[in-house]
Amino acid sequence: MIQLKDFQDHLNEIVIHPGVIIGYNALKNITSLKKLTMSMIQTIRSDDLEGNVNLEEISLPLLLTIPNDLFSGLKKLISVKLDTAAVMLQRAFLNCNSLVNLELPSMKVLSGDSHFEGCTSLEVLDLSKLV
């Protein structure tokens, strides 16, 4: 079995295609990771991205619910693509102070608070379908 942690010092990008199942903690603490694309239907846990301090770009086109604190504290995060996310739980982007553009075209429910607190660079926030 391949362990992503074996490559954590020099892995810049991860692309996970549909049908792939990732294990618990598989994406944690990959400090060299800058870009993550997960085109799969799988529940993602609130701490799955913890420790990815250099992550700049994330694409989760099939994610339906953004868990509490999922992107919280990812200070170098610039761009996030979430095409189908309809529910966002609290503190999802807390202190993502490099985040510039966030489009959530399917977002319908914001649950809790402090979703964008500390996002001091945010210029564009599309919540056009929020009810």
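Good morning. I begin with Ser-32, which counts as buried because its relative accessibility is 12%; buried means under 20% relative accessible area, exposed over 50% and partly exposed in between, with a 1.4 Å probe and protein chains only. This is a predicted model, in which local features need pLDDT of at least 70, side-chain atom pairs count only at pLDDT 80 or more, and totals for chains, interfaces and linings use all residues. Residues are numbered from 1 along each chain as its sequence is written, and side-chain values use heavy atoms, with hydrogens and water left out.

Ser-32 sits in the loop between strand S1 (13–16) and strand S2 (35–38); strands (E, at least two residues) are DSSP runs numbered from the N terminus. A polar atom of the Ser-32 side chain lies 3.4 Å from the backbone nitrogen of His-10.

I turn now to the aromatic rings. Rings of Phe, Tyr and Trp (its six-membered ring) pair if their centres lie within 6.5 Å, and planes under 30 degrees apart count as stacked, over 60 as edge-to-face and the rest as tilted. How many aromatic pairs does this rule give? The count comes to two.

Phe-71 and Phe-93 are stacked, because their ring centres are 4.7 Å apart and their planes are at 15 degrees. Phe-71 lies in the loop between strand S4 (65–66) and strand S5 (79–81), and Phe-93 in the loop between strand S6 (87–88) and strand S7 (101–103), so the pair ties together parts 22 residues apart in sequence. Phe-71 is buried at 0% relative accessibility, and Phe-93 is buried with a relative accessible area of 0%.

Phe-93 also forms a stacked pair with Phe-116, at 5.9 Å centre to centre and 15 degrees between the planes. Phe-116 lies in the loop between strand S8 (109–110) and strand S9 (124–126), and this pair links parts of the chain 23 residues apart. Phe-116 is buried, as is Phe-93.

Technical notes
Helices (H or I, at least four residues) and strands (E, at least two) are DSSP runs, numbered from the N terminus. A polar contact is a pair of N or O atoms within 3.5 Å; within protein, one must be able to donate a hydrogen and the other to accept it, and residues adjacent in sequence count only if both atoms are side-chain atoms.
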